[in-house]
Amino acid sequence: MKNLIKRFLPAIICLVATVSAFAQSEQTTIKGTFTKKCNAEILLTCKIDGKSLRVAGYAMDTTSTKFCFGVPFRANASYQIQIVLMKKGHLRPEPGVKASFPLTLGANSNLTLTVDPLQLNEAKQTGLMVVQQQQKFQTASVSGSITNLNFGIEVNLEKVVEGNRQRIQSYFIEKGASSYNFLVPMETEGIYYLSVGVRGRRLYIKPNDKLELTIDLKMRDQVQWTRSTPENELFYQWQQLINTVQTMSFSIKPDEPLFTVAYQALQQKIPTFLLQAKTANTKFNAIFKTAVRLDNNLMALTMLINAQTRSARSIGLRYFLDVPAYYKQFIPENKVNTANVLQLDGGSQYINLYAKLALTGLESDAEKMKLMMGAIANDTLKARLLKSQLETVEGVIEVINYSEFCDVYLPFKKYATTASAKERYNAMQNKFAADTAFIGKSSYNFILPDVNGNMVSMKDFKGKVIFIDTWATWCGPCKAQIPFLLEIEKAYKGNDNIVFIGLSIDKETDRQKWLDMLKEKGLEGVQLLDNMGKSFARKYNITAIPRFLMIDKKGNWVEVNCALPDARNNKLKNYIDRVLAAQ
């Protein structure tokens, strides 16, 4: 009995604190519907004594037309709602049409809104209507307080899209307050995350659930539940079991041997835990098993990727080095291979890390992609992996031209099945499409002067592979590449089948400065001057330098955007060798 009281006493105290906090202000419920699906940001603000405060925010996407807020009512405040329609941007949605409207709220009242995106106009005050008929859709609430909070903070409730968290609603706690309250439309049950800062706390929410929990910022974000469900109680127990090992894995420089001892000890406890980990909710039970396996794998993979940062060899690499034998065997044997892993935050990260595990020692990007895709058996997960590799932030492979795109990604085009994967695939293909205007075309269409003023044409080197470095004396990145370029040239010294050409786009008036730098940097061989890029750089749409290009033995362009010489693998050298070997 004493143990039972001891366990629930903190929760009872938290409940009293939470109830007390919410008693300080009466609540108002706002429910709304958009007349058509769209991406939009909604911000609710209030003004008290001339001071504007953010109250709550809501992020709409094309999966739903419903939104709602549960916010504190203050009699001395005036309220306003701002709606921003988001339009498609280069990398992410960007703000488009924006309109703000005053709102009249009452204590413990319900306000129902309809938003027509096509009519949204702030000047005319159109596009937002207050309707008398109350919206009838299911909701769920998540509320509580943040303790040991000495500043204002934003709390977010997030859903999961393709294995990553995506914000649904924000609640802004001002300095001196502690309570938060989320009210969200709940059409189907599933996984959500409550986040303060970077870290997210996994929740399972069903329609009509009323969850309450307190987060202690001082105690490493310790959570105390005051109103839970069997599903969230099980998540809580699992988190308690793995907390120590998970914290070790997150360390910037983890102690690999110490982690392995703790991790192996955890493996002995998990089977017993899973035998007892069941609820009456079969849908939850399925995702819970996946969550356990995902967390277990991510702890090991995260530790390995963090541990490798201790090695200077790993700087700039996007894959694993020196994976211990235990993990090489354990992780594949316990891999997650069900599509519902994308319903969990970390699902996308796991797919990428697991695929990277097989890449040690490989240099060919095409081989890396083939091996990564082969490591994933589920086609849904293959589509997510393909999309992530097409995104430079997550991708292992950095494709820089159309030829590489065709080698690496074209064989897997059939897996671009989701809308987001198709969008990323087409965006990258279009990015390099301009290369095709020159590939295979003759390079015999420009003549430039060398250091002696003699005019040089590419025809002069017919039968040889030509490697061109486009640079300038004022270009810092260009000068940084020179030592690496000289190493490449040294590797082919004595090979009469290739010629290296330096092509400067300095001004003609800076000719002497160019000549001086050639001498200073030890740049020999064929050096040409293209006065401000007028004869060459502009013809080939070169808008950024350094830029490296290659011409084959027949005098045709074979590549107009080669890898940099300082690449930490042999990508450039391998490419030169391939062109040299061609007839």
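A pocket is an open set of grid points where a 1.4 Å probe fits, with protein on both sides within 12 Å along at least five of seven lines. The legends below describe close-up views of a predicted model.

**Figure 1. The second largest pocket and its lining residues.** This pocket has a volume of about 1200 Å³. It is lined by 34 residues, and the closest to its centre are Arg 199, Gly 200, Gln 239, Gln 246 and Phe 250. Two or more lining residues come from each of strand 11 (164-173), strand 14 (199-205), strand 16 (222-227), helix 2 (230-250) and helix 4 (282-307). Helix 2 supplies the largest share of the lining, 10 residues. By class, the lining of the second largest pocket consists of 13 nonpolar, 13 polar and 8 charged residues.

**Figure 2. Helix 2 packed against helix 3.** The axes of helix 2 and helix 3 (residues 256-276) come within 9 Å and cross at roughly 165°. Angles over 145 degrees count as roughly antiparallel, and helix 2 is therefore roughly antiparallel to helix 3. The crossing of these two helices is left-handed. On the helix 2 side, the contact involves Leu 234, Gln 237, Trp 238, Leu 241, Ile 242, Val 245, Met 248 and Ser 249. The residues they meet in helix 3 are Leu 258, Phe 259, Ala 262, Tyr 263, Leu 266, Lys 269, Ile 270 and Phe 273. Sorted by class, this contact has 13 nonpolar, 2 polar and 1 charged residues.

**Figure 3. Helix 3 packed against helix 4.** Here the axes come within 12 Å and cross at roughly 175°, so helix 3 is roughly antiparallel to helix 4. Helix 3 contributes Glu 256, Phe 259, Tyr 263, Leu 266, Gln 267, Ile 270, Phe 273 and Leu 274 to the contact. From helix 4 come Phe 288, Val 292, Asn 296, Asn 297, Met 299, Ala 300, Met 303 and Ala 307. The contact of helix 3 with helix 4 has 12 nonpolar, 3 polar and 1 charged residues.

**Figure 4. Helix 4 crossing helix 6.** The axes of helix 4 and helix 6 (residues 347-356) come within 10 Å, with a crossing angle of roughly 55°. The two helices are therefore oblique to each other. Their crossing is left-handed. Leu 294, Asn 297, Leu 298, Leu 301, Thr 302 and Ile 305 of helix 4 make the contact with Gly 347, Gln 349, Tyr 350, Leu 353 and Tyr 354 of helix 6. This contact has 7 nonpolar and 4 polar residues, and no charged residues.

**Figure 5. The cis peptide bond between Ile 545 and Pro 546.** Omega of this bond is about 5°. Pro 546 is located in the loop between strand 21 (526-529) and strand 22 (547-551).

**Figure 6. Glu 162, a residue other than glycine with a positive phi.** Phi of Glu 162 is near 50°. Glu 162 belongs to the loop that lies between strand 10 (153-161) and strand 11.

How values were computed. Residues are numbered from 1 along each chain as its sequence is written. This is a predicted model: local features need pLDDT of at least 70, side-chain atom pairs count only at pLDDT 80 or more; totals for chains, interfaces and linings use all residues. Side-chain values use heavy atoms; hydrogens and water are left out. On a 1 Å grid over the protein atoms alone, a cavity is a set of points where a 1.4 Å probe fits but cannot get out, and a pocket is an open set with protein on both sides within 12 Å along at least five of seven lines; lining residues have an atom within 4 Å of a point. Grid points are joined across faces, edges and corners, and a volume is the space filled by probe spheres set on the points. Helices (H or I, at least four residues) and strands (E, at least two) are DSSP runs, numbered from the N terminus. Ala, Val, Leu, Ile, Met, Phe, Trp, Tyr, Cys and Pro count as nonpolar, Asp, Glu, Lys and Arg as charged, and the others, Gly among them, as polar. Axes are lines fitted to C-alpha atoms, for helices over the stretch in contact, and angles run from 0 to 180 degrees between N-to-C directions. Angles under 35 degrees count as roughly parallel, over 145 as roughly antiparallel, 65 to 115 as roughly perpendicular and the rest as oblique. A crossing is left-handed if the near helix is turned anticlockwise from the far one by less than a right angle, and right-handed if clockwise. Contact means heavy atoms within 4.5 Å.
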